[in-house]
Amino acid sequence: MLSCKEATHLMSEGLDRKLGTGEQLQLRLHLAMCSGCRNFREQMDFLRTACRGFLGRVEADEEQPPK
Amino acid sequence: MPDTALIDADFVTAIRRDLLKFAQLQLRDAALAEDAVQEALAAAFSGARQFAGRAALKTWVFSILRHKIVDLIRQQSRTTNISALGDDEAGLDEAFDTLFKQNAHWRPEARPGDWGNPEEALRESRFWEVFEICLNHLPENTARVFMMREFLEFETAEVCSELAISVSNCNVILHRARNGLRRCLETSWFAPEEKPC
């Protein structure tokens with residue numbers, strides 16, 4: 001059984017590599033039971049989205065409406 | 001020379017400001033960032049390429065700047081140990097550990113909360129200020145690895161090999177960065193709501 005701490009590491013690594021089948025299964029099981037880790041995962045996904053958004057803002061052309 | 005009609009003082013000022021912000025975040029050295037931006041602009045404007053418009057030109061300058069930043073980081077990684085655990089890093093790790101009970105499950109008060117629809121924040125310019133502040137709060141080496149992954153869009157394996165650190169080290173550093181950023185955004189932007197479960 002994964003601990004929350006271990007789950008956070010897997011969720012972070014999940015942004016960098018494809019998790020193995022066993023890892024995915026363990027994580028899914030853990031997330032089904034733990035809302036804290038479900039929130040953690042959404043926050044990790046949001047960080048990725050925010051980074052993409054940040055890049056987009058920096059690269060955006062000035063003539064486009066801001067935001 | 002690209003279309004001179006595309007280039008006027010306002011455009012160059014705006015582009016410089018954006019590029020400088022980007023370079024400064026990653027390099028954390030004003031002089032180095034200034035040089036990198038200057039070189040990127042010079043390289044972009046001296047080429048014979050034609051651009052469909054300012055957006056295309058800006059994308060081009062930006063890609064040149066990215067390469068320059070990568071080169072600088074590569075050089076720095078030869079003289080600094082990116083994976084060395086400084087006081088800042090150790091502090092972040094300790095702070096992370098305090099979120100958990102003895103059995104490595106969340107302490108009730110430290111359990112990650114529901115951020116609702118965080119995407120809405122992306123439309124607010126105040127959020128981006130906070131985001132930048134949080135990035136700047138990350139320890140230097142931690143931030144470097146994170147930004148290489150997320151802003152220079154390297155695969156993790158490439159980040160590790162470029163910076164000569166092991167994959168597991170890379171994973172530890174990225175996890176530290178993400179959690180640090182998450183915690184900073186949580187306290188500075190997403191007002192702590194009631195904790196579920």
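Q: In which loop of chain B is B:R28 found?
A: B:R28 is found in the loop between α1 and α2 (30–46) of chain B, where helices (H or I, at least four residues) and strands (E, at least two) are DSSP runs numbered from the N terminus. This is a predicted model, in which local features need pLDDT of at least 70 and side-chain atom pairs count only at pLDDT 80 or more, while totals for chains, interfaces and linings use all residues. Residues are numbered from 1 along each chain as its sequence is written, and chains are lettered from A and ligands numbered from 1 in the order in which they are written.

Q: Why is B:R28 called partly exposed, and what is its phi?
A: A residue is buried if 20 or more other C-beta atoms, placed from the backbone, lie within 10 Å of its own, exposed if 12 or fewer, and partly exposed in between. B:R28 has 13 C-beta neighbours inside 10 Å and therefore counts as partly exposed. Its phi is near 50°, which is a positive value in a residue other than glycine.

Q: What makes B:E153 count as exposed?
A: B:E153 has 12 C-beta neighbours inside 10 Å, and so B:E153 counts as exposed. This residue lies in the loop between α6 (140–150) and α7 (156–163) of chain B, and its phi, near 55°, is a positive value in a residue other than glycine.

Q: Why are α1(B) and α3(B) called roughly parallel?
A: Their axes, which are lines fitted to C-alpha atoms, for helices over the stretch in contact, with angles from 0 to 180 degrees between N-to-C directions, come within 11 Å and cross at roughly 25°. Angles under 35 degrees count as roughly parallel, over 145 as roughly antiparallel, 65 to 115 as roughly perpendicular and the rest as oblique, and α1(B) and α3(B) are therefore roughly parallel to each other.

Q: Which residues of α1(B) and α3(B) make the contact, and how do they divide by class?
A: Two residues are in contact if their C-beta atoms, placed from the backbone, lie within 7 Å. Among the contributors are B:F11, B:I15 and B:L19 of α1(B) and B:V61, B:F62 and B:L65 of α3(B). By class, the contact has eleven nonpolar, one polar and two charged residues, where Ala, Val, Leu, Ile, Met, Phe, Trp, Tyr, Cys and Pro count as nonpolar, Asp, Glu, Lys and Arg as charged, and the others, Gly among them, as polar.

Q: What makes α4(B) and α8(B) roughly perpendicular?
A: Helix α4 (residues 87–97) and helix α8 (residues 167–188) of chain B pack at an angle of about 70°, with their axes 10 Å apart, and α4(B) and α8(B) are therefore roughly perpendicular to each other. In this contact B:E89, B:L92, B:D93 and B:F96 in α4(B) meet B:R176, B:N179 and B:G180 in α8(B), which divide into two nonpolar, two polar and three charged residues.

Q: How many residues does each chain give to the contact of chain A with chain B?
A: The contact takes 32 residues from chain A and 39 residues from chain B. On the side of chain A that touches chain B, α1 (4–13) and α3 (35–59) of chain A each supply at least two residues, and α3(A) gives the most, with 18 residues. The residues of that side divide into ten nonpolar, ten polar and twelve charged.
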